Amino acid sequence: MAILILTLLALVFGLGLGYTAIRFKVEGDPIVEKIDALLPQTQCGQCGYPGCRPYAEAIASDEAEINQCPPGGEAGVQSLADLLGRDPLPLNPENGVAEEGPSMVAVINEATCIGCTKCVQICPVDAIAGAAKHIHNVLDAYCTGCELCLPPLCPVDECIVMRPVEQTIKTWKWNNPETLKESEAA
Amino acid sequence: MKSLIRFRGGVKLPGFKSLSTKSPIQKTPLPSRLILPLRQHIGESANPVVEIGDYVYKGQIIADSNSFVSAPIHASSSGKIINIGPYTIPHQSGIAETCIVIETDGKDQWHPNIKQCDVPGSLSADQIRKKIKQAGIVGLGGAVFPSSAKLKPTREIDTLIINGVECEPYITCDDALMRTKADEIIHGILLLRRVLNPIECVIAIENNKPEAIKAVRSTLARFKEENIGSVNTIRVVPVPTIFPAGGEKQLIKQICNKEVPQHGLPYEVGVVCLNVGTTAAIYDCIYQGRPLVSRLVTITGEAVNHPANYQVLIGTPVEDVLAAAGGVQASKVDFIMGGPMMGQVLPDTGVPVVKATNCLLVKTPEKSKKQPVQLPCIRCGACANACPMQLLPQQLYWHARGKHFEKLNHYNLTDCIECGCCSVVCPSKIPLVHYFRFAKTEMREHEVKSKFADQSRLRMLARDARLERIKKEQEERKARRKAEREKKKAANQKQKQISESPKASSG
Ligand code: SF4
Ligand code: SF4
C-alpha cells in the first residue's frame, strides 16, 4: 500500500514539475547575462574574445574556461566559479596577469599626438574624443583602462601612456584587519 | 514630565574627563599660517572666491557654494592668501585636498562689515536662516552637517534637542562651554525656537557633568527671573552616562522614544538635534555678526603637558596647537582627532584644526599601539548586546571577512555608526569596528565598480550598434550606387540599342 501511495505521489509531483517547466519556460539565455554581469566590462580582449559579452557567451557554451580574465582577477574567477558551480582555477598566465594597485586610465600627450584617429576607432567604450588631424583627448570618466590604444596601435612613441587614477577621500579604503593580523603573527 | 527611555546597547567607559577640565578655557596664540580646507563639512565642498595674493580680513568669505547642503569657509584671521592648493587634511588616509593658506599679518582684524546686531529680536526666521548659512555654521559635535540644512524641515517640529551629552571619553569642550557660556547657548536656543517653532526644547546633558547641568539650570532660572526670554518650554534633561548616549538616533530614542527611520533624518519624526557648540555659534553669528572662525578644542591625553580646553582659530596647524598646550612629552605617540572610540588617527601634526575638530587626543604608544592577540569568535553574543544600532556584529564580522556584499547589506552594515562598542566588549578581542570600516569602504568600491561596469557595457553596446549601423549604411550606399550604375548601364544599353536599331533596320 505504502509503495503505491509513494509511487502515486511521485507521479503527481513529477507531472506538476514537468508542467511548470513548460509553462514557465524562461526565454533567452539568462546564464550569459549572469556571466556577463560578473565580468568587469573592461572590454580589453585579453581573454581572447572581442569583449566581455563574447567571452561570456564562450563560457556559457563551454568554449572558454573561467580563468581567462586578468582584470577580473582571482576574485572574478571565484565569483564565476560560484555562479557556475565549478572549481575555481588560477588565472591562466597566457591571458595576462592581474594587476594590483590603483586602476589606470590612458592619457594622451597633446604635444606629440598627430591626430591619426587610430585610438578613437579602437576604443571599445568611445572614451576618446577627437577628429582627424586634431589632438585627441581621453575622457577619464569612461576609460576602462583596456590599454588597446597604447603602442603599437598608436604610431607615436610615448604619446599615449597609462596613469593611475588619483585617490580621493571617496575612493580611499581602510586596510584589511586580516592582513594586519598576519603581519603581527609573522 | 516624561521619563527617560533607555536605548538598547551601549557600554560604560572610563571617562578620563577630569584631565582637561581642571584648568579654565585658554586661547591658542595666532599662528603664522592658517590652512583652510575647502571641504570641512558634509555635502558639496566650497569653491574659492579669492586669489593668491589677495588680502583678506578676519571673517571674510574665502570659499563659497550655492548648494543647499554646503557651507562657506571664512578667513579665520586677517592676512594674505599665499597659496590655494593640495595640503594633507586631517583624515586617517593622509590624502591631500585643496586648501586655502593664509599668511597672517598679526593684526587679527575683523572685516569692517562685521558688526554687532542691534536688533536680533526683530529678525525674521528667514533672515536668521540666511545668516546661519552665510556664517558657515556646521554641526560642531563632529558630524559637521551644515546647520542651515536642518532649519528648513518640511514638517512641523515637536522637539528641539540641544545635545550636550558628549559621551566620548576624554572630550570636554561641550562641558566647558556649558559651564562658562550657558547664556549664549540659551540665547541660541531662543533663536532656533523662532526658526523651528518646536513644542518643547530639551537640553540633554550626561549626568557625569553636574557642573554643566547646574550652570545651565541656573542660567535658565536667571533668564526667567530677569525676563530675558520665555524659557518655560526649555528644560534640562540629564541622561545616563553610557556610550554612545550622544549619538543622534540614540538621543532621540531616549528623549522622545522615537525611532528615526533607516537612512532617514530626525525631522521626519518631528525632531531637530543640534549640538551645544553649534547653538553657541548661532548666537555668535546673529548677535555678534561673527561667522564660524574658531572653536573650542579639547587638547588632552596623558602625554600632553597642559591638557585643557582651548579656543582655536580654524585652520591652525595641530603642531601649533600642541605647542600652545605645552608640548608633548613622549616622542612616539598617536595623534587622534576626536575621541578614542570614533576619532581618526592623524597622518601628521602639520594638518590643520578644522570645524570638525572637537578634540586632539595624544595617546602614548603603550596604550594605543599594543594590539591584543585576536582569538576566534566564540559566538557569545556580547557584541550584539552592546550594539546601539541593534545590528549583529558577529554576522557582519563573518561576512566582512568573506566580503559577502549582499549579506553585508542584508545585515545593514551601512547602519553601523562605527561607535566601536562591539570591539570593546568582544572577549576574543576581535577589532570588529575595524572590520566594518574596512568592509564599508570595500562595499563602496564594489558599488562604484559595478556601476562603472554597467556604464561600460552600455557604451560598448552603443558602439557596436553604431558600427553596425555605419556598416549597414555603407552597404546600402554601395548597393544603391551599384543599382544606379546598373540602371545607367541598362539605360545606356537601351540607348545604344535604340541608336543601333535604325542602323539595323536601315541595314
Ligand atoms: S561599531 Fe557598528 S556594529 Fe559595532 S556596536 Fe557600533 S554600531 Fe554596532
Ligand atoms: S563579542 Fe566577539 S566573541 Fe562574542 S559573539 Fe561577538 S565577535 Fe564573537
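Predicted model: local features only at pLDDT ≥ 70, side-chain atom pairs only at ≥ 80, totals over all residues.
## A four-stranded sheet in chain B

Two strands count as paired here if DSSP finds at least two bridges between them. Four strands form an open sheet, and their order is β2-β8-β7-β4 (chain B). The pairing in this sheet is antiparallel. Its edge strands are β2 (33-37) and β4 (55-56) of chain B, each of which pairs on one side only.

β2(B) pairs with β8 (residues 96-104) of chain B over 5 bridges, in the antiparallel sense. Within that pair, L36(B) stands opposite I100(B) of β8(B). Next come β7(B) and β8(B), an antiparallel pair with 9 bridges. There, G85(B) has C99(B) in β8(B) as its bridge partner. Finally, β4(B) is joined by 2 bridges to strand β7 (residues 79-88) of chain B, again running antiparallel. At this end of the sheet, V56(B) faces G79(B) in β7(B).

## The overall form of chain B

Stepping back, chain B holds 14 helices and 17 strands. Its radius of gyration is 32 Å, well over the 23 Å that the globule rule gives for 507 residues, so chain B is more spread out than a compact globule. The box filled by its C-alpha atoms, taken along the principal axes, is roughly 135 × 65 × 50 Å.

What share of the 507 residues in chain B is buried? Buried residues make up 50% of them. The accessible surface of chain B is about 24400 Å², and carbon and sulfur atoms account for 51% of that area. The contacts tell us about the fold as well: of those in chain B between residues at least 6 apart in sequence, 73% join residues at least 24 apart.

## Two ligand shells

Which residues come nearest to ligand 1? Out of the 13 residues around this ligand, they are C387(B), C416(B), C419(B), G420(B) and C422(B). Two elements of chain B give two or more residues to this shell, namely α13 (421-425) and α14 (432-506). Sorted by class, the shell around ligand 1 has 11 nonpolar residues, 1 polar residue and 1 charged residue.

Now over to chain A, where V125(A) sits in the loop between α5 and β2. Is V125(A) buried or exposed? The relative accessible area of V125(A) is 1%, and residues under 20% count as buried, so V125(A) is buried.

Where do the contacts of V125(A) lie, leaving aside its neighbours within four places in sequence? They lie in both chains: V125(A) is in contact with Q43(A), Y142(A) and T144(A), and also with S456(B), R459(B), M460(B) and R463(B). The C-alpha atoms of V125(A) and Y142(A) are separated by 6.9 Å, although these two residues are 17 residues apart along the chain.

## Backbone details in the loops

D126(A) lies in the loop between α5 (118-122) and β2 (128-129) of chain A. The phi angle of D126(A) is near 50 degrees, which is positive in a residue other than glycine. E158(A) has a positive phi too, near 60 degrees, and is found in the loop between β3 and β4 of chain A. The relative accessible area of E158(A) is 61%, and values over 50% count as exposed, so E158(A) is exposed.

Two cis peptide bonds are also worth a look. In chain A, the bond from P151(A) to P152(A) is cis, with omega near 15 degrees. P152(A) is placed in the loop between β3 (137-138) and β4 (160-164) of chain A. In chain B, a cis peptide bond joins F243(B) and P244(B), with omega about 0 degrees. P244(B) belongs to the loop between β11 (234-239) and α6 (248-256) of chain B.

Notes. Residues numbered from 1 in each chain as written. Chains lettered and ligands numbered in written order. Heavy atoms only, no water. Near = heavy atom within 4 Å. Nonpolar A, V, L, I, M, F, W, Y, C, P; charged D, E, K, R; others polar. Rg over C-alpha atoms; globule rule 2.2 N^0.38 Å. Buried < 20%, exposed > 50% of the residue type's maximum accessible area, 1.4 Å probe, protein only. Contact = heavy atoms within 4.5 Å. Areas by Shrake-Rupley, 256 points an atom, 1.4 Å probe, with all protein chains shown as cover.
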